[in-house]
Amino acid sequence: MYDAVLAESIMITGHGGDSIEAYSARPMRPGPFGGVVVIHHMPGYDEQTKEIARTFAVHGYNAVMPNLYWREAPGASPDDAAAVARAAGGVPDERLVGDVAGAAAYLKGLSSSNGKVGTIGYCSGGRQSFLAAVSLPLDAAVDCYGAFVVGNPPEGLPLKVGPIVDKTPDLSCPLLGLFGAEDKYPSPEQVAELEKALVAAGKTFEFHSYEGAGHAFFSVNRPAYRPEAAMDGWQKIFAFYGEYLAA
């Protein structure tokens, strides 16, 4: 079997018809393949998150990661773009949903698509993955330690976001949540509150919390990286997508 992937920068149509940069990675085989919208973390559209998109392609998924900071800082380095976006209060929720909808439409339009699309996000992207799943018709969503689905940002943090747990009844698809037991945002108490809301709404979900892991335990280039938690998390992600996104 031919084993190759194509990874490249592309332009897609995002919220409001805006043309925005995105990073695409897909298997160079006929398919059909499920699609994954990768929502980058607050540090931005960086090489580590591009590697995540390529990992999905290697495992038989079409993946695309929209550059959520493109409008604020087109062509800027990830660090500079993230600083500009932070100063502006982060990505507006409505715009995020529009950009994910555009990425999902791109994936569904590929000749190798099986018609199914899911999301995954890390840190702020975890919240945004949940937000997309309560706003759009999706087939699966993964929330990796998404802060402020429950609770507000602490004083002094410039993010202009609020809790969205009240939108849980609108969840359109199964949800996988992966959390660090030592995390503060979201804290174990906040994770438990979200779990309670999902149970009350009768939604399909599975949550896993890892002892000894805090925020950003998937981030291989940061001291927060926890290999055992991350490796187990990857296994759970592929099992979950295998059930809900695979052809």
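Q: Which residue takes a positive phi in the hairpin of β1 and β2?
A: In this predicted model, Gly 16 has a positive phi near 70° in that hairpin, which has five residues between the strands.

Q: What makes β1 and β2 count as paired strands?
A: Strand β1 (residues 5–13) and strand β2 (residues 19–27) are joined in the antiparallel sense by nine bridges. Two strands pair if at least two bridges are found between them, so β1 and β2, with nine bridges, are called a pair. Leu 6, for instance, has Arg 26 of β2 as its bridge partner.

Q: Why is Tyr 145 called buried?
A: Buried means under 20% relative accessible area. Tyr 145 has a relative accessible area of 1%, and it is therefore called buried. Tyr 145 lies in the loop between β6 (140–144) and β7, and its phi is near 45°, a positive value in a residue other than glycine.

Q: How do you know that Ala 216 counts as buried?
A: The relative accessibility of Ala 216 is 4%, and the cut-off is under 20%, so Ala 216 counts as buried. Its place is in the loop between β8 (205–210) and α6. Ala 216 is also a residue other than glycine with a positive phi, near 65°.

Q: What makes the space lined by Pro 186 and other residues count as a cavity?
A: A cavity is a set of points where a 1.4 Å probe fits but cannot get out. The count comes to one cavity of 30 Å³ or more, and about 60 Å³ of space lies in the largest cavity. Besides Pro 186, its lining includes Asp 143, Phe 179 and Leu 194. Helix α5 (residues 188–200) gives the most to this lining, with three residues. By class, the lining has six nonpolar, two polar and one charged residues.

Q: Which helix gives the largest share of the lining of the second largest pocket?
A: That share, six residues, comes from α1. Both α1 (47–58) and α6 (227–244) supply at least two residues. The second largest pocket has a volume of about 280 Å³, and Gln 48, Ile 52, Phe 218, Ser 219 and Val 220 are the residues nearest its centre.

Q: How do you know that Tyr 241 touches Val 36 and Phe 56?
A: Contact means heavy atoms within 4.5 Å. By this rule Tyr 241 touches residues including Val 36, Phe 56, Gly 118, Ile 120 and Ala 246, not counting residues up to four places away in sequence. Tyr 241 is also among the members that touch the most others in the largest nonpolar core, which has 83 residues. To this core α6 gives the most, with seven residues.

Terms used. Residues numbered from 1 in each chain as written. Predicted model: local features only at pLDDT ≥ 70, side-chain atom pairs only at ≥ 80, totals over all residues. Heavy atoms only, no water. 1 Å grid on protein atoms, 1.4 Å probe; cavity = no way out; pocket = protein on both sides within 12 Å on 5 of 7 lines; lining within 4 Å. Points joined across faces, edges and corners; volume = space filled by probe spheres on them. Helix = DSSP H or I, 4+ residues; strand = E, 2+ residues; numbered from the N terminus. Nonpolar A, V, L, I, M, F, W, Y, C, P; charged D, E, K, R; others polar. Core = buried A, V, L, I, M, F, W, Y, C linked by side-chain atoms within 4.5 Å. Buried < 20%, exposed > 50% of the residue type's maximum accessible area, 1.4 Å probe, protein only.
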